[in-house]
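Welcome! Please keep the viewer open as you read.

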Amino acid sequence: MIMNEQELMLHQIDVFETQTGKKLEVKDGRPYYEGNLYTISDYLPDNLVVDGNLNCSITSTRLPKGLKVTGYLDISMTNITEIPDDCEFNDLYMKMTKITKLRDDMMLFSLDARGSSLTELPKGLKVKDMLDISYTNISEIPDDCEFCSLFMEDTKITELRDNLELNSLNVRCSSLQELPNGLKVKWYLDISETKITEIPEDCEFGALYMSGTKITKLRDNLTLGGLIINKCPISELPKNLVVYGSLDIEKTLIKCLPDDCLATRIFCDFELKDE
C-alpha cells in the first residue's frame with residue numbers, strides 16, 4: 001500500500017512516539033514539538049518543527065528533511081556528517097563532528113564548530129554573536145564573514161582584517177603573528193601563546209590575556225577588567241595601570257609594583273606591601 005503525505009506523516013509520528021516515548025502534535029500540517037527536545041535525530045519525522053531547542057544524542061547519524069528549529073540545534077559529538085540545505089535553526093552547535101561543509105549565506109545567532117572537520121567557512125556567513133572555529137583546519141576568514149565574538153584557538157589563521165569591532169577575541173595558540181589595525185575588543189582579548197610581539201597603539205580591549213608571548217612592553221594609562229601577563233619577558237608594568245579584576249604577573253621579570261598601580265587581586269612571585 002502506498003501512503004499519501006498525510007498518512008506518511010502520521011505514521012512517522014507514531015513510529016517516533018514508539019521509539020522514544022515522546023509525543024508530537026500536528027500543527028499547520030506539520031509534525032510539531034514545543035519545548036526542548038533531546039533525542040536520537042534518526043527517529044525524527046520529516047518536516048518537523050521544534051518550537052524550542054533540539055539536542056541530538058551522540059548516536060545520531062542523520063537529520064530529517066525539512067527540519068525547522070526555532071532555537072538552537074545541537075549536533076555536537078554526533079555521527080552526523082551533513083546538514084540538509086532545507087534545515088533551519090537559529091544557533092548551530094556542531095562541536096567535534098565530521099561535517100566538512102556548511103551552505104552559503106547562513107544567518108545565525110551563534111555558531112560553535114569547535115573541533116569539527118570544517119576546513120573553510122561558507123560564503124556570506126553572518127553570526128550575530130559568537131563564532132567559534134577553534135581546533136579546526138580553517139586557515140582564513142572570508143572578508144564577508146560577520147561576527148561579534150571570535151574564538152579561533154589553535155588554528156592556522158595568520159591574519160585578520162583591519163578595523164574589527166568585537167565583544168571578545170580569542171586567538172590563543174593560533175598562527176596569528178600580529179594584531180590587525182584598528183582592532184576594538186569590548187570585553188577580553190586573549191593572545192596567549194602566540195607569536196605576537198606587540199600591541200598596536202590603536203588597539204582597544206576591556207581585558208588582556210597575553211601569557212607566554214614575547215611582548216616586552218604595554219602602553220601607559222591602561223584601565224582593564226583583567227590582565228594576565230605571566231610567562232612573558234616583561235620587566236615593568238605600565239604607568240597608571242588600573243585593573244578591576246585579576247592582575248597575574250607570575251613568572252615575569254617584574255619584581256615590584258609601581259606606586260601608581262591599582263588592582264583588585266594580584267598574583268606575583270614576590271611579597272607585596274601591606275597597602
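Two strands count as paired if DSSP finds at least two bridges between them, and the strands themselves (E, at least two residues), like the helices (H or I, at least four residues), are DSSP runs numbered from the N terminus. This is a predicted model, in which local features need pLDDT of at least 70, side-chain atom pairs count only at pLDDT 80 or more, and totals for chains, interfaces and linings use all residues. Residues are numbered from 1 along each chain as its sequence is written, and side-chain values use heavy atoms, with hydrogens and water left out.

**A sheet of four strands**
- Tyrosine 33 stands opposite valine 50 in β4.
- Strands β2 (residues 30-34) and β4 (residues 49-51) run parallel and are joined by three bridges.
- Both belong to an open sheet of four strands with mixed pairing, in the order β1-β2-β4-β6.
- β1 (25-27) and β6 (68-69) are at the edges with a single partner strand each, so one side of each has no neighbour in the sheet.
- Helix α1 (residues 5-20) packs on the sheet and touches β1 and β2, where contact means heavy atoms within 4.5 Å.
- The direction of α1 makes about 145° with that of β1; axes are lines fitted to C-alpha atoms, for helices over the stretch in contact, and angles run from 0 to 180 degrees between N-to-C directions.

**Strand β16 and its partners**
- β16 (residues 184-190) runs parallel to β14 (residues 165-166), with two bridges between them; here leucine 166 has valine 185 as its bridge partner.
- Two bridges also link β16 in parallel to β15 (residues 168-170), and asparagine 170 stands opposite aspartate 190.
- With β17 (residues 204-209), β16 pairs in the parallel sense over five bridges; aspartate 190 stands opposite tyrosine 209 there.

**Glutamate 82**
- Where does glutamate 82 sit? Its place is in the loop between β7 (72-74) and β8 (91-93).
- Glutamate 82 counts as exposed because its relative accessibility is 58% (buried is under 20% relative accessible area, exposed over 50%, partly exposed in between, with a 1.4 Å probe and protein chains only).
- Leaving aside residues up to four places away in sequence, glutamate 82 touches Leu63 and Ile99.
- Proline 258 is 176 residues from glutamate 82 along the chain, and their C-alpha atoms are separated by 56 Å.

**One more loop residue**
- Isoleucine 58 has its place in the loop between β5 (54-56) and β6.
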